[in-house]
Amino acid sequence: MSALWRRWWLGALCVALLGGMPGLALAQTRITDDLGATVVFDRPPQRIVSLLPSLAEIVCELGQCQRLVGVDRYTNWPASVQALPQVGGGLDPNIERVVALRPDLVLMSVSSRAGDRLRALGLKVVALEPKTHADVQRVMLTVGQVLGVPDAQKIWRAIDAAVMAAALSLPPAARGTRVYFEVNPGPYAAGESSFIGETLQRLGARNIVPAALGPFPKLNPEYVVRADPDLIMVGQRSVDGLLQRPGWQALRALRQQRLCVFTADESDTLVRPGPRMAEGARLMARCLADKAAVRPGARP
């Protein structure tokens with residue numbers, strides 16, 4: 001083989017390995033989403049529409065915020081995403097707006113009603129909805145795999161370490177505090193099996209909503225009256241109507257002001273299962289530490 005021919009052959013081989021010849025394609029990425037659908041990517045997507053705030057936050061935490069071209073109306077962190085086009089609500093987005101953004105990937109929750117229509121229009125759709133700590137870790141790894149980002153696991157390691165640090169920062173008196181955590185004014189609560197419930201457990205608190213009721217059950221307000229928690233955690237959106245609920249004026253936590261009210265920004269941090277879970281753990285730990293000293297029967 002002459003030197004000229006050898007150079008041509010090696011050059012052709014390089015082109016083929018880069019996808020320039022039909023016989024040799026780039027390695028594919030194949031994932032299975034939370035609906036059981038298999039999605040195949042020939043290359044990492046570069047134009048992403050996210051229909052769930054926690055998924056957009058994960059994309060950005062992986063250092064790939066620049067790939068987002070559209071988000072749902074509730075996505076607001078980090079601040080840079082607020083300048084992106086909004087495509088409506090995550091459950092029922094404006095399909096035309098999504099298509100107009102020419103995404104090569106749409107990230108959405110399993111409960112979104114848009115998946116079938118978007119797939120029928122030829123878009124790649126991945127449905128992911130983390131509800132537990134294990135789910136968050138798995139979803140981060142899945143999104144990292146799709147985006148071609150190595151070592152996405154390091155983000156979860158940092159979150160896990162921060163939750164542990166928050167737990168270690170608490171005084172012994174905070175342990176065993178019986179907590180009611182309200183997600184929104186339904187009232188919907190964070191149960192033991194939710195990622196919020198798991199964080200509370202790691203902080204040494206006791207959740208009045210058992211795992212048997214599901215991650216985020218809608219409760220009869222009388223359930224909380226019967227449980228009579230030591231401490232109530234709610235967002236600003238819920239607090240105004242608490243005392244109007246039947247029987248809630250008699251709750252010890254409200255009579256003795258053992259109530260933590262989170263701002264709208266803090267609530268967003270707490271209820272989104274993503275990279276800000278560490279900050280959520282610190283917010284809950286601060287609440288527990290502030291209220292532990294007045295909890296009946298607490299030991300210093």
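Against which elements do the buried residues of α2 pack? They pack against β3 (48-50), β4 (68-71), β5 (105-108) and α5 (133-147). Buried means under 20% relative accessible area, exposed over 50%, and partly exposed in between (1.4 Å probe, protein chains only). Helices (H or I, at least four residues) and strands (E, at least two) are DSSP runs, numbered from the N terminus.

This is a predicted model, in which local features need pLDDT of at least 70 and side-chain atom pairs count only at pLDDT 80 or more, while totals for chains, interfaces and linings use all residues. Residues are numbered from 1 along each chain as its sequence is written, and side-chain values use heavy atoms, with hydrogens and water left out.

**Overall composition and confidence**

The protein chain has 12 helices and 11 strands. Of its 300 residues, 47% are buried. A contact means heavy atoms within 4.5 Å. Among the contacts with a separation of 6 or more, 57% are between residues 24 or more positions apart.

The predictor's confidence in each residue is given as pLDDT, from 0 to 100. Its mean over the protein chain is 90, and 89% of the residues reach 70 or more. Over residues 7-25 the pLDDT stays under 50, and the model has eight contacts beyond four places in sequence for this stretch. Residues 295-300 also have pLDDT below 50, with 15 contacts beyond near neighbours in sequence. Where pLDDT is low, the predicted coordinates should not be read in detail.

In α2, eight of the nine residues are buried: Pro-53, Ser-54, Leu-55, Ala-56, Glu-57, Ile-58, Val-59 and Cys-60. Gly-63 follows α2 and has a positive phi, near 80°. Helix α7 (residues 195-202) has Phe-195, Ile-196, Gly-197, Thr-199 and Leu-200 as its buried residues. Just after α7, Gly-204 has a positive phi of about 90°.

**Disulfides**

A disulfide is a pair of cysteine sulfur atoms within 2.5 Å, and by this rule the count is two. With bonded cysteines counted along the chain, the pattern is 1-2, 3-4.

| Pair | S to S distance | Torsion about S-S |
|---|---|---|
| Cys-60 and Cys-65 | 1.9 Å | 65° |
| Cys-260 and Cys-287 | 2.0 Å | about 100° |

The link of Cys-60 and Cys-65 is right-handed. Cys-60 counts as buried because its relative accessibility is 13%, whereas Cys-65, at 21%, counts as partly exposed. The disulfide of Cys-260 and Cys-287 is right-handed, because the torsion about its S-S bond is about 100°. This pair links distant parts of the chain, with Cys-260 in strand β11 (residues 259-262) and Cys-287 in helix α12 (residues 277-292), 27 residues apart. Cys-260 is buried at 9% relative accessibility, and Cys-287 is buried at 3%.

**The largest pocket**

On a 1 Å grid over the protein atoms alone, a pocket is an open set of points where a 1.4 Å probe fits, with protein on both sides within 12 Å along at least five of seven lines; lining residues have an atom within 4 Å of a point. Grid points are joined across faces, edges and corners, and a volume is the space filled by probe spheres set on the points.

The largest pocket holds about 1000 Å³ of space. Its lining has 35 residues, and Leu-52, Val-183, Asn-184, Val-271 and Arg-272 lie nearest its centre. Two or more lining residues come from each of α2 (53-61), β7 (178-184), β10 (231-235), α9 (236-239) and α11 (264-271). By class, the lining has 17 nonpolar, 11 polar and seven charged residues. Here Ala, Val, Leu, Ile, Met, Phe, Trp, Tyr, Cys and Pro count as nonpolar, Asp, Glu, Lys and Arg as charged, and the others, Gly among them, as polar.

**Backbone details**

Most residues other than glycine have a negative phi, and most peptide bonds are trans. Asp-151 has a positive phi, near 55°, and lies in the loop between α5 and α6. At 42% relative accessibility, Asp-151 is partly exposed. Gln-257 has a positive phi near 60°, is found in the loop between α10 (252-255) and β11, and is exposed at 61%.

A cis peptide bond joins Trp-77 and Pro-78, with omega about -5°; Pro-78 is in the loop between β4 and α3 (95-100). The bond from Gly-186 to Pro-187 is also cis, with omega near 0°, and Pro-187 lies in the loop between β7 and β8 (188-189).
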